[in-house]
Amino acid sequence: MTPSVLFQLLWQDYTSRLCPSAGNVHKLLKEDDPLLNDHIALRTFNVAPVGLEVLAKPFLELGYQEAGDYVFESKKLVAKHFQHPDPTQPKVFISQLKVEECSEALQGIVKQLVSQVEQGEMQGVEFLYSGRPWQLPYQDYLILAQESEYAAWLAAHGYGANHFTVSVNQLKQFSEVQQVNDYLKATGFVINQSGGEVKGSAEVLLEQSSTMADRVHVEFDDGVMLIPGGFYEFAKRYPMADGQLYPGFVAASADKIFESTNIESTNIETTNN
């Protein structure tokens, strides 16, 4: 397994299951050279055997290294990002919910979900794009969403990249994140408005934006529902004092990017099973 093969497998899962519109974004922005993927993001609970370190292990084995720590107090999340010595390889942003800081109701649901996971299922790389390893009633999804959109999304979708990211730095037709936003809005895409369309600035060396999540059909124990899936992000990095592009993330911006999968941004619908 090489990083390129792993990211191709993650991409296949992401575009087929979580964000079907990503292919359209890709076609709209594609130029002569292949689009450069700045980073992906993965979500999990801080509960054995599915903690952040378990998701990070396959990447570390492929040569990735820890490169940054982040805290999102209001969302009860912590995260790390990982990068490869080869700068052409995408960065990996892995977050986890601090379940013990949540309500007893949420803790009980998460405990029940994770109890369905065997440690052996979380070995190798396949689980990174394997989807949901547990059964979930729709009512439990709604209970989780009332307290934590993040917990609800993870419970419903399981494991897979919630977004890929176009590096705006490599684009020839656009030089600014806002230009990408305007182009995509003109073709019918909805851009995340939380914290402004463009999160970050040249001063913090990173600008980001994202589409709002696709609505995708998910099978629950008691029916098939249409809920927020994955989204596509766009990032522009600025040079540091040494001339190298800033490699990290800005927590205040990432906090708003998380909201691309919020339920209130879409209409939840029910379909026949």
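Predicted model: local features only at pLDDT ≥ 70, side-chain atom pairs only at ≥ 80, totals over all residues.

Start by selecting isoleucine 191 and everything it touches: skipping neighbours within four places in sequence, isoleucine 191 is in contact with Asn181, Leu184, Lys185, Glu197, Ser210, Thr211 and Met212 (contact means heavy atoms within 4.5 Å). You'll find isoleucine 191 in the loop between helix H7 (177–186) and strand S6 (199–201). Helices (H or I, at least four residues) and strands (E, at least two) are DSSP runs, numbered from the N terminus. Isoleucine 191 is buried, at a relative accessible area of 2%; buried means under 20% relative accessible area, exposed over 50%, and partly exposed in between (1.4 Å probe, protein chains only).

Residues are numbered from 1 along each chain as its sequence is written, and side-chain values use heavy atoms, with hydrogens and water left out.

**Next: the loop at serine 21**

Select serine 21, in the loop between helix H1 (3–18) and helix H2 (22–29). Is it buried or exposed? Serine 21 is buried, with a relative accessible area of 13%. Leaving out residues up to four places away in sequence, serine 21 touches Phe189 and Asp214.

Now show the largest nonpolar core, which has 79 residues. A nonpolar core here is a set of buried Ala, Val, Leu, Ile, Met, Phe, Trp, Tyr and Cys residues joined through side-chain atoms within 4.5 Å. Which members touch the most others? Those are Phe45, Phe59 and Leu128. Helix H6 supplies the largest share of this core, 6 residues. Zoom in on phenylalanine 59: beyond four places in sequence, its contacts are Leu6, Phe7, Leu10, Ile40, Leu42, Tyr64, Val92, Ile94 and Leu128.

**Next: helix H4**

Select residues 104–114, helix H4, and colour its buried residues, Leu106, Ile109, Val110, Leu113 and Val114. Because they cover an arc of only 130° around the axis, they sit on the same side of H4; the arc is that of the directions from the helix axis to the C-beta atoms. An α-helix has 3.6 residues a turn, so residues three or four places apart point the same way. On the face turned away from the buried side, look for the exposed residues Glu104 and Lys111. The cover over the buried residues of H4 includes strand S1 (39–45), strand S4 (91–97), helix H5 (138–147) and helix H6 (149–157).

**Next: H5 against H6**

Keep H5 and H6 on screen. Their axes come within 6 Å and cross at roughly 150°. Axes are lines fitted to C-alpha atoms, for helices over the stretch in contact, and angles run from 0 to 180 degrees between N-to-C directions. H5 and H6 are therefore roughly antiparallel to each other (under 35 degrees counts as roughly parallel, over 145 as roughly antiparallel, 65 to 115 as roughly perpendicular and the rest as oblique). Pick out Tyr141, Leu144, Ala145 and Glu147 in H5, which meet Glu149, Ala151, Ala152, Trp153, Ala155 and Ala156 in H6.

Not counting residues up to four places away in sequence, tryptophan 153 touches Leu18, Arg43, Tyr141, Gly158, Gly160, Asn162, Pro228, Gly229 and Thr261. Its C-alpha is separated by 8.1 Å from that of tyrosine 141, 12 residues apart along the chain. Just after H6, glycine 158 takes a positive phi of about 70°.

Most residues other than glycine have a negative phi, and most peptide bonds are trans. Select alanine 48 and proline 49: a cis peptide bond joins them, with omega about 5°. Proline 49 is in the loop between S1 and helix H3 (52–61).

Lysine 76, in the loop between strand S2 (65–72) and strand S3 (77–83), has a positive phi of about 60°. Lysine 76 counts as partly exposed, at 26% relative accessibility. Finish at leucine 205, where phi is positive too, near 70°; leucine 205 lies in the loop between S6 and strand S7 (206–210).
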